[in-house]
Amino acid sequence: MPHLKSQAISVQTHLRDQVANALRAALIAGDLRPGVIYSAPTLAAELGVSATPVREAMLDLAREGLVEAVRNKGFRVTEMTERDLDEFTEIRTLIEVPTVGRVAATATAEQLEALRPLARQIVTAARDHDVLKYLEADHRFHLELLALAGNHHLVEVVADLRKRSRLFGLGSLNETGRLVASAEEHVELLDLMAAGRSREAEECMRRHLTHVRTLWADGRADAEAGVEA
């Protein structure tokens, strides 16, 4: 009996994670919009699951700052301000730029080349207009690159910042091809690091994060324009 119970818990946890990923995808696509309140039963009906894993998944998203609970109503998608975008970019710049420089000076050629397939996946996904694969490969690339610095707490901080900075409406940018330029910067960054050009790698990362900040703002503007239309 204890064995069966542990299996049930595992299945439930897995379902909650699947629902959370589906909701994140809906946020990115712009299907769930900031300021709007969504009930767990309504979302559960659309996803074809019970309300329980949806509530649990929404609580996970609330801990990430993507939604907030509204008593007796459901969950409201968190709105992100221009100041939020600036602050997220500032923190990531303070952490990631010098870390990239340090990794460029200390990582082996083998460690850096191991990231090459991910950099190419990001570009391919952007060109194929597959925003979910783009974000998945982008997430892995950045965190695995930072992990080469040997500080797992630093990686956890950046991972949390990335979750909190997910912006709805990114799909509209993907459709227009505006993600491709940002995607190609990953290959450029890796080339500079492999060549041991630490200072230039730092500048590339700084430029990339500024580019990402612009994409966030453009994605939100496009989505809001769609709502108004």
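Ser198 counts as buried, at 19% relative accessibility. Buried here means under 20% relative accessible area, exposed over 50%, and partly exposed in between (1.4 Å probe, protein chains only). The residue belongs to helix H11. Helices (H or I, at least four residues) and strands (E, at least two) are DSSP runs, numbered from the N terminus. With neighbours within four places in sequence left aside, Ser198 is in contact with Gly101, Ala104 and Ala105. Contact denotes heavy atoms within 4.5 Å.

The model is predicted: local features need pLDDT of at least 70, side-chain atom pairs count only at pLDDT 80 or more, and totals for chains, interfaces and linings use all residues. Residues are numbered from 1 along each chain as its sequence is written, and side-chain values use heavy atoms, with hydrogens and water left out.

Arg102 is found in helix H4. Its relative accessible area is 41%, so Arg102 is partly exposed. Arg102 and Met193 are separated by 91 residues in sequence. Their C-alpha atoms lie 9.7 Å apart in space.

The chain contains 11 helices and three strands. From the N terminus on, its elements follow the order α-β-α-α-β-β-α-α-α-α-α-α-α-α. The chain has 229 residues, of which 44% count as buried. Contacts with a separation of 6 or more were also examined; residues 24 or more positions apart account for 75% of them. The chain exposes about 12100 Å². Carbon and sulfur atoms supply 53% of that area. Accessible areas come from the Shrake-Rupley method with a 1.4 Å probe; for residues, only the protein chains shown count as cover.

The largest nonpolar core has 32 residues. Such a core is a set of buried Ala, Val, Leu, Ile, Met, Phe, Trp, Tyr and Cys residues joined through side-chain atoms within 4.5 Å. The residues with the most contacts inside the largest core are Val100, Leu112, Tyr134, Phe141, Leu145, Leu189 and Met193. Two or more core residues come from each of helix H4 (82–106), helix H6 (116–127), helix H7 (131–147), helix H10 (179–194) and helix H11 (198–228). H10 gives the most, with seven residues.

Phe141 is in contact with Leu115, Leu118, Ala119, Ile122, His186, Leu189 and Leu190, its neighbours within four places in sequence left aside. His186 lies in helix H10. With a relative accessible area of 1%, His186 is buried. Leaving aside neighbours within four places in sequence, the contacts of His186 are Ala119, Ile122, Tyr134, Asp138, Phe141, His142 and His208. A polar atom of the His186 side chain also lies 3.2 Å from the backbone oxygen of Ser182. A polar contact is a pair of N or O atoms within 3.5 Å; within protein, one must be able to donate a hydrogen and the other to accept it, and residues adjacent in sequence count only if both atoms are side-chain atoms.

Helix H2 spans residues 40–47, and its residues Ala40, Leu43 and Ala44 are buried. Seen down the axis of H2, the buried residues fall within an arc of 105°, so they line one face of the helix. The arc is that of the directions from the helix axis to the C-beta atoms. An α-helix has 3.6 residues a turn, so residues three or four places apart point the same way. Exposed residues Ala45 and Glu46 sit on the face of H2 turned away from its buried side. Gly48 follows H2 and has a positive phi, near 75°.

Three strands form an open sheet in the order E1-E3-E2, with antiparallel pairing. Strands pair if DSSP finds at least two bridges between them. The edge strands are strand E1 (37–38) and strand E2 (67–70), each pairing on one side only. E1 and strand E3 (residues 74–77) run antiparallel and are joined by two bridges. Tyr38 stands opposite Phe75 in E3. Four bridges link E2 and E3, again in the antiparallel sense. Val70 has Gly74 in E3 as its bridge partner. The hairpin of E2 and E3 has three residues between the strands. In that hairpin, Asn72 takes a positive phi near 65°.
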